[in-house]
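Please have the model open beside you as you read.

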Amino acid sequence: MPAQVMDGKLLAARVREEVALEVEELGDVGLTTVLVGDDPASHVYINGKHKAATSVGIHANDLRLAADLPEDELLQLLADLNADDSVDGILVQLPLPSHIDESKAIESLDPGKDVDGFHPINAGRLYLGRPRLVPGTPLGIMRLLAEYRIETVGARAVVVGRSNIVGKPIAHLLLQEHATVTICHSRTVDLQRHTLDADILVAAVGQLHLIEADMVKAGATVIDVGMNRTDDGLFGDVDPGAAEHAAYMTPVPGGVGPMTIAMVLKNTVTAARARRGLVSRAS
Ligand code: NAP
């Protein structure tokens, strides 16, 4: 029997409804996005985030700045946003132009407003098992696993990819939920040996169909994070034929992607609650 589709679009709509209710309860919730330069993909992403934020009642402020903005001016702007009480969340769209040090920009954010969860304080808290603001993609994956009641305790989880925004944080979240976690990367020898062992397989690489159907164990849960744009459309890192072996699988598009934006909105509410001294709701 083919794998059950893990519908991220549907679940993301539900998360957005939850967020909308919380925003209504909290009153004004403010998110400021900062985009530097003319990268067309970044403009599309920011448009999507604004549409989503506005649809749940978040007051979204859209700052688009010239590609030659000096680094010190960006840092000053971020310092001003940190100090601005009407701003609950700040989102700096990456990549930044090459003359700006990305780490410096991220580290200058107030960790309590860092709704992307990229600040070292937020990454460190996650590593210590005391997460506060966690990147949207891994958070969305955990919500999908919970929704479909995928057992993580004692499960063998294999994460392919070790980026700071997906691979490492999802590995930590799975570890926290008591999975036995293996992280694979470009230097991993015999990838298939690892993936075939996975009860939960997360592919976050960015290589079209790197995970072939025969690399997936029967009955596995497969989370495909990859977004590979081709002339024929958007495809993941996992060959769709893997659905013949897997028990559950996320589609591309319509799986992890929509969850990412929804969880960034959720993070904005989490940040707003914390800033008002309120306990955050479970994600
Ligand atoms: P990234 O920073 O480029 O990291 C890719 C990772 O894949 C690296 O750790 C790399 O290993 C590893 N890798 C490369 N070739 C490999 C191979 N042959 N075998 C095993 N591992 C290999 O990418 P990312 O930002 O994590 O994104 C990964 C993919 O997810 C991309 O397609 C991206 O567009 C997508 N994405 C989707 C969402 C969403 O919302 N759906 C969000 C974020 C990212 P090394 O560390 O050794 O180089």
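What follows is a look at the salt bridges, pair by pair.

This is a predicted model, in which local features need pLDDT of at least 70 and side-chain atom pairs count only at pLDDT 80 or more, while totals for chains, interfaces and linings use all residues. Residues are numbered from 1 along each chain as its sequence is written, and side-chain values use heavy atoms, leaving out hydrogens and water.

**Overview**
- The structure holds 13 salt bridges (a side-chain nitrogen of Lys or Arg within 4 Å of a carboxyl oxygen of Asp or Glu).
- One network of salt bridges links E18, E22, E25, R143, K266 and R273.

**A buried pair**
- E22 and R273 meet through their side chains in a salt bridge, 2.7 Å from N to O.
- Because E22 lies in helix α1 and R273 in helix α9 (residues 256–275), the pair ties together parts 251 residues apart in sequence; helices (H or I, at least four residues) and strands (E, at least two) are DSSP runs, numbered from the N terminus.
- E22 is buried at 4% relative accessible area, and R273 is buried at 4%; buried means under 20%, exposed over 50%, and partly exposed in between (1.4 Å probe, protein chains only).

- E147 forms a salt bridge with R14, their closest N and O atoms 2.7 Å apart.
- This pair links helix α6 (residues 136–147), which holds E147, to helix α1 (residues 8–26), which holds R14, 133 residues apart.
- E147 is partly exposed at 31% relative accessibility, as is R14 at 36%.
- D197 and R156 form a salt bridge of 2.9 Å, N to O.
- D197 is partly exposed at 34% relative accessible area, and R156 is partly exposed at 44%.
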